[in-house]
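Please look through the structure shown below before reading the report.

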Amino acid sequence: EHIASYASIVSLFFLSGSLYALHIFLAVSRTPLTALFALCVALLTTHMVWVHKFSLKETQHIIALVTLVLAELFLAILFLPIPFLTSAAIMAIMGYGAWEYSHHLLLKTLTPRLITQQLAFAALLISILLSTAPWSI
């Protein structure tokens, strides 16, 4: 289970990095990139649900919600003037957070303390990333 989770995070990093690079270097439109990203995130989220042995019928709403949130975030980050690897790292952090929240929500172990810890860790990592990234205006 843990190896599959790590593989999903790494896959999300390389997927989003590749799509951001396509947008920056080849000027590919945002719409097909976002659609492709949403499709891949839906597959990765379904994989996470399947690996943890949850019922696909019971988790359809969570798969849709995680896909929608990460696709919107992907689209929003496309507008930031930061390098594509920084954008990919942000997406990996946010994907990890979304998958962890959904995992604990399905296990019914989601507590306010866990939410605070995850948010603080993600905020720290993203603030370090954004403060050290070269911004091109």
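The report below covers aromatic pairs, the nonpolar core and a surface patch in this predicted model.

## Aromatic pairs

How many aromatic pairs does the structure hold? There are 4 aromatic pairs. One of them joins Phe 25 and Phe 84 in an edge-to-face arrangement, with 5.6 Å centre to centre and 80 degrees between the planes. The angle counts as edge-to-face because it is over 60 degrees. Phe 25 belongs to helix α1 (residues 2-26) and Phe 84 to helix α4 (residues 84-107), so this pair ties together parts that are 59 residues apart in sequence. Phe 25 has a relative accessible area of 57% and is exposed, whereas Phe 84, at 23%, is partly exposed.

Phe 37 and Phe 74 also form an aromatic pair, which is stacked: the centres are 4.4 Å apart, with 10 degrees between the planes. The angle counts as stacked because it is under 30 degrees. Phe 37 lies in helix α2 (residues 30-51) and Phe 74 in helix α3 (residues 60-78), so the pair ties together parts that are 37 residues apart in sequence. Phe 37 is buried, at 0% relative accessibility, and Phe 74 is buried with a relative accessible area of 0%. Through ring pairs, Phe 37 and Phe 74 are linked with Tyr 20 into a cluster.

## The nonpolar core

In soluble globular proteins, nonpolar side chains tend to be buried together. Here, the largest nonpolar core has 29 residues. Which residues have the most contacts inside this core? They are Phe 37, Leu 70, Phe 74, Met 91 and Trp 99. Phe 37 and Phe 74 are the two members of the stacked pair described above. The elements that give two or more residues to the core are α1, α2, α3, α4 and α5 (112-132).

What is Met 91 in contact with, leaving aside its neighbours within four places in sequence? Its partners include Phe 37, Leu 70 and Phe 74, which are also listed among the residues with the most contacts inside the core. Met 91 is in contact with Tyr 20 as well, a residue of the ring cluster.

## A nonpolar surface patch

Leu 22, Ile 24, Phe 25 and Leu 26 make a nonpolar surface patch of about 410 Å². Phe 25 is also a member of the edge-to-face pair with Phe 84. Leu 26 is found in helix α1. Is Leu 26 buried or exposed? Leu 26 counts as exposed, because its relative accessibility is 59%.

Notes:
Residues are numbered from 1 along each chain as its sequence is written. This is a predicted model: local features need pLDDT of at least 70, side-chain atom pairs count only at pLDDT 80 or more; totals for chains, interfaces and linings use all residues. Side-chain values use heavy atoms; hydrogens and water are left out. Rings of Phe, Tyr and Trp (its six-membered ring) pair if their centres lie within 6.5 Å; planes under 30 degrees apart count as stacked, over 60 as edge-to-face and the rest as tilted. Helices (H or I, at least four residues) and strands (E, at least two) are DSSP runs, numbered from the N terminus. Buried means under 20% relative accessible area, exposed over 50%, partly exposed in between (1.4 Å probe, protein chains only). A nonpolar core is a set of buried Ala, Val, Leu, Ile, Met, Phe, Trp, Tyr and Cys residues joined through side-chain atoms within 4.5 Å. Contact means heavy atoms within 4.5 Å. Patches are made of residues with over 30% relative accessible area and no salt bridge: like charges are joined within 9 Å, nonpolar side chains (Val, Leu, Ile, Met, Phe, Trp, Tyr) within 5 Å. Accessible areas come from the Shrake-Rupley method with a 1.4 Å probe; for residues, only the protein chains shown count as cover. A salt bridge is a side-chain nitrogen of Lys or Arg within 4 Å of a carboxyl oxygen of Asp or Glu.
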